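Visitor: Could you bring the model up and walk me through it? I'd like to have the terms settled before we get into details.

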Amino acid sequence: MAEFPSKVSTRTSSPAQGAGTSVSALRPDLGFVRSILGMLMLLQLLHMKWYMVPWPLVLMIFNMGATVLYITAFITCSASVEQTSLKGTRPYNQRAAASFFACLVMIAYGVSAFFSFQAWRGVGNNAATSQMAGGYA
């Protein structure tokens with residue numbers, strides 16, 4: 001233990017004049033990026049970035065998009081029922097059923113989007129009670 005302080009040097013050295021980082025040292029290695037290993041590494045980084053998005057937010061965006069599409073389907077289908085077929089015929093009944101189905105699915109996706117929004121916002125979570133119960137509330 002007596003030898004230890006004599007072996008440790010606490011002196012610092014200053015860098016030589018003009019020996020800073022050159023611009024060429026900061027350029028990315030494009031050869032590596034073009035390789036299969038580099039492409040796999042970039043894909044992994046993109047994959048990790050995707051997981052940083054909160055999952056309820058992804059569901060909410062999906063459900064809202066589906067709701068908009070089914071609103072469009074419902075409006076289009078219900079507007080064309082009377083104009084394209086005679087009342088009481090098979091095509092009329094099929095188009096009316098398709099309109100009804102589009103309306104039901106639109107409502108279901110809308111409700112699901114609402115619940116996804118609630119989950120994303122964290123409504124119903126009380127930080128004070130979850131802290132008091134040790135996170136088991």
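Guide: Let me start with accessibility: a residue is called buried under 20% relative accessible area, exposed over 50%, and partly exposed in between, using a 1.4 Å probe and counting protein chains only. This is a predicted model, in which local features need pLDDT of at least 70 and side-chain atom pairs count only at pLDDT 80 or more, while totals for chains, interfaces and linings use all residues. Residues are numbered from 1 along each chain as its sequence is written, and side-chain values use heavy atoms, with hydrogens and water left out.

Visitor: Fine. How many helices and strands are there in the protein?

Guide: The protein has 6 helices and 0 strands, where helices (H or I, at least four residues) and strands (E, at least two) are DSSP runs numbered from the N terminus. Along the sequence this reads as α-α-α-α-α-α.

Visitor: And what share of the residues counts as buried?

Guide: Of the 137 residues, 13% count as buried. The protein exposes about 11600 Å², and carbon and sulfur atoms supply 68% of that area; accessible areas come from the Shrake-Rupley method with a 1.4 Å probe, and for residues only the protein chains shown count as cover.

Visitor: Let's look at single residues, then. Where is Asn 63, and what is it in contact with?

Guide: Asn 63 is in helix α4, which covers residues 55-84, and it counts as buried because its relative accessibility is 5%. Leaving aside neighbours within four places in sequence, Asn 63 is in contact (heavy atoms within 4.5 Å) with Tyr 109, Ser 112, Ala 113 and Ser 116.

Visitor: Ser 116 is in that list. Which residues does Ser 116 touch?

Guide: Ser 116 touches Pro 56, Leu 59, Met 60 and Asn 63, again without residues up to four places away in sequence. Ser 116 sits in helix α5 and is buried, since its relative accessibility is 9%.

Visitor: How about Cys 77, buried or exposed?

Guide: Cys 77 is buried, because its relative accessible area is 17%, and it belongs to helix α4. Beyond its neighbours within four places in sequence, Cys 77 is in contact with Arg 95, Ala 98 and Ser 99. Cys 77 and Arg 95 are 18 residues apart in sequence and 6.6 Å apart in space, C-alpha to C-alpha.

Visitor: Switching to aromatics, how many aromatic pairs come out?

Guide: Rings of Phe, Tyr and Trp (its six-membered ring) pair if their centres lie within 6.5 Å, and planes under 30 degrees apart count as stacked, over 60 as edge-to-face and the rest as tilted. By this rule the count comes to 4 aromatic pairs. One of them is Phe 117 with Trp 120, whose ring centres are 6.0 Å apart with planes at 50°, so the pair is tilted. Both residues lie in helix α5 (residues 90-121), 3 residues apart, about one turn of the helix. Ring pairs also link Phe 62, Tyr 70 and Tyr 109 into a cluster.

Visitor: Why do Phe 117 and Trp 120 count as partly exposed?

Guide: Phe 117 is partly exposed because its relative accessible area is 27%, and Trp 120 is partly exposed because its relative accessibility is 39%.

Visitor: Last topic, the surface. Which residues make the nonpolar surface patch?

Guide: Leu 30, Phe 32, Val 33, Leu 37, Met 41, Leu 42 and Leu 45 make a nonpolar patch of about 610 Å². Patches are made of residues with over 30% relative accessible area and no salt bridge, with like charges joined within 9 Å and nonpolar side chains (Val, Leu, Ile, Met, Phe, Trp, Tyr) within 5 Å; a salt bridge is a side-chain nitrogen of Lys or Arg within 4 Å of a carboxyl oxygen of Asp or Glu.

Visitor: Which helix gives the most to the nonpolar patch?

Guide: Helix α3 does, with 4 residues, although α2 (30-34) and α3 (36-51) each supply at least two. Leu 30 is in helix α2, and it is partly exposed because its relative accessible area is 45%.
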